[in-house]
Amino acid sequence: MSELRELYQELVLDHGKHPRNFHGMEDADRQSVGYNPLCGDKLTLYLKLEGDTVKDVSFQGAGCAISTASASLLTETLKGRTRAEVDQVIREFIHMLTEGSPDDDVEHLGKLVVFQGVREFPVRVKCATLAWRTLEAALHGQDEPVTTE
Amino acid sequence: MQADQPTMDHGVETTPLDIARIRREFPILRRKVHGKPLVYLDNAATTQRPHDVVEGIARYSFRDNANVHRGVHELSQTATAHYEGVREKVRDFVGAEKTEEIVYVRGTTEAINLVAASYGGRHLNEGDEVLVTQLEHHSNIVPWQLICESRGAKLVAAPINDDGEVILDEFERLIGPKTKIVAFSHISNALGTINPVERMTEIAKSRGAVVLVDGAQATAHTKVDVRKIGCDFYTVSAHKMYGPMGIGALYGRKELLDAMPPYQGGGDMIRMVSFEKTLYSSVPHKFEAGTPNVEGVVGLGSAIDFITSLGLDRMAEHEHDLLAYATEVIGGRPEVRIVGTAREKASILSFLIDGVHPHDIGTILDGEGIAIRAGHHCAQPVMDRFGVPATIRASFAVYNTREEVDALARGLDKVMEIFG
Ligand SMILES: Cc1ncc(COP(=O)(O)O)c(C=O)c1O
């Protein structure tokens, strides 16, 4: 049960239930669709760029608490960051969930640290990373929908 | 186990099953998951295997293993006897007339692909139609899509109502002169709906279509009689009826199988080969190219023995009791909405909890040692029909108990504790 509490922390439950920046974006510069065939989760991520900076970011779709909260916190984290910074966060976030160890210093990831416990649930890692892989595709202009398979 | 059982008189058993005794036949049911006793409620995905099935395979491997149909030596003959003996057992189990009407395949998926490629490949022409239903598993959709695409034919799906039942009027209306093949499941894996297969077959056949019934979910829950159903093809997956994975059977009417081209080429399916011309074996061997999964076949035979010894009537009775109890205990909770409320249902309970995604529920239940399926159950059109991305599915087998339903209910309490 304690691992479960670690997975479903208040912040995750809150963002899962009340996702922020949860809407479409008519004037988006980039958009990308991510899909998790295992659970049927599907989300669309919208990006507005101004020069090298993320001006606005939002998402829409249906997913589990983990994937929804992850997408929601992603949108909160990225506004105003440069593309290089965004790439850095994507890398570090995915590293934390896949290869990282509990002793890693992840302070600089801020609120995103709340997802560290997902690592203990390997089948759920894809839920937490779905939005991030979709963001990667949006930024780097892949047209194919992203899937976690 | 059989010694203490009342004698069998072809399924007309009245004494209820001794479930505690049956459970002892399944060692996996004694294991723990995350420190909790396993509560296995994912039987529609695959069932567990009893001692006799596993030991039968081991005995075959340790004593009798050899390639079939090739040797004059003793072992090869014994292996062949096992292999062909089980074919006769399968014939009896599904009520086919002739043993040659049973073709071994990897499972339902391969059976449908075989029929789609071989029968469909020969008989579907530009503008023809194949009719399936909205209830189907992807394996009864995609093989038809593939062959329709290559033959210029069209795949049509008959709709289901809000209870998850095929709308028979619509089904009938959609079978026209161009409909060459009609394929539907006996029991839906996503919702548990038992289709009126005899009626559906009669409708389709009266309009000249060939009928395939996907029996993957049916053989462990209801007595199958392909002649009573009247279908042309029927599919079996051993792993959904207490047998091993990677083996199953296709029943096909002999006249149809005889006229169909081979599905795969290779050894064992030929009579004579030269570079100019090859003569094929007769059915069923024409469809069994290459060294087959003999130990799988042995396991399938033991699985049929297991089912026959318990009696499908008594198994169904117990499973219906579990379904009724679960529908009351789980379905009666205010936060739960059952998806799939057909009048005729097998022991599958698909449901949703308001505001909590099935995947999250699956993880929390797993923490309690409860194995259920959370997802689209390889039936995305069903999910689309109900406007949901996924459901939670508890599916019961003969070894499940009311106590396990109670454990599921307690697991849902935990879900509400976290998400409520
Ligand atoms: C209704 C139905 N049809 C077909 C299949 C596919 O069977 P298999 O995976 O054994 O080939 C399944 C199970 O996965 C099923 O439940």
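These legends accompany close-up views of a predicted model.

**View 1. Helix α7 of chain B and its buried face.** Helix α7 of chain B spans residues 197-206, and its buried residues are B:Val197, B:Met200, B:Thr201, B:Ile203 and B:Ala204. Looking down the axis of α7(B), you will find these buried residues within an arc of 160°, so they line one face of the helix. On the face turned away from that buried side sit the exposed residues B:Glu202 and B:Ser206. The partners of the buried residues of α7(B) all belong to chain B: β5 (129-133), α6 (168-173), β7 (179-185), β8 (210-214) and α8 (226-229). Following α7(B) comes B:Gly208, with a positive phi near 85°.

**View 2. Helices α3 and α10 of chain B where they pack.** Here α3 (residues 74-94) and α10 (residues 294-310) of chain B meet at an angle of about 40°, and their axes are 9 Å apart. From α3(B), the contact draws on B:Ala79, B:His82, B:Tyr83, B:Val86, B:Lys89, B:Val90 and B:Phe93. On the α10(B) side, these residues meet B:Val294, B:Val297, B:Val298, B:Leu300, B:Gly301, B:Ile304, B:Asp305 and B:Ile307. Sorted by class, the residues of this contact of α3(B) with α10(B) are 11 nonpolar, two polar and two charged.

**View 3. Helices α12 and α14 of chain B where they pack.** In this pair, α12 (residues 358-367) and α14 (residues 402-419) of chain B pack at an angle of about 120°, with axes 9 Å apart. That angle makes α12(B) oblique to α14(B). The crossing of α12(B) and α14(B) is right-handed. To trace the contact, start with B:Asp360, B:Ile361, B:Ile364 and B:Leu365 in α12(B). Then look for B:Leu408, B:Gly411, B:Leu412, B:Lys414, B:Val415, B:Ile418 and B:Phe419 in α14(B). Eight nonpolar, one polar and two charged residues make up the contact of α12(B) with α14(B).

**View 4. Helix α2 of chain A and its neighbours in both chains.** Helix α2 of chain A covers residues 10-17, and A:Val12, A:Leu13 and A:His15 are buried in it. The buried residues of α2(A) pack against α1 (2-7) and α3 (65-78) of chain A, together with α14 of chain B.

View 5. Most peptide bonds are trans. You can find B:Pro284 in the loop between β12 (278-280) and α10 of chain B.

**View 6. Positive phi at A:Asn21.** Most residues other than glycine have a negative phi. A:Asn21 is not a glycine, yet its phi is positive, about 50°. It belongs to the loop between α2 and β1 (30-36) of chain A. Is A:Asn21 buried or exposed? With a relative accessible area of 19%, A:Asn21 is buried, because buried means under 20%.

**View 7. Positive phi at B:Cys378.** B:Cys378, a residue other than glycine, has a positive phi near 55°. Its place is the loop between β16 (373-375) and α13 (380-385) of chain B. A relative accessible area of 24% makes B:Cys378 partly exposed.

Conventions
Residues numbered from 1 in each chain as written. Chains lettered and ligands numbered in written order. Predicted model: local features only at pLDDT ≥ 70, side-chain atom pairs only at ≥ 80, totals over all residues. Heavy atoms only, no water. Buried < 20%, exposed > 50% of the residue type's maximum accessible area, 1.4 Å probe, protein only. Helix = DSSP H or I, 4+ residues; strand = E, 2+ residues; numbered from the N terminus. Arc of directions from axis to C-beta. Contact = heavy atoms within 4.5 Å. Axes fitted to C-alpha atoms, helices over the stretch in contact; angles between N-to-C directions. Nonpolar A, V, L, I, M, F, W, Y, C, P; charged D, E, K, R; others polar. Parallel < 35°, antiparallel > 145°, perpendicular 65-115°, else oblique. Left-handed = near helix turned anticlockwise from the far one by under 90°.
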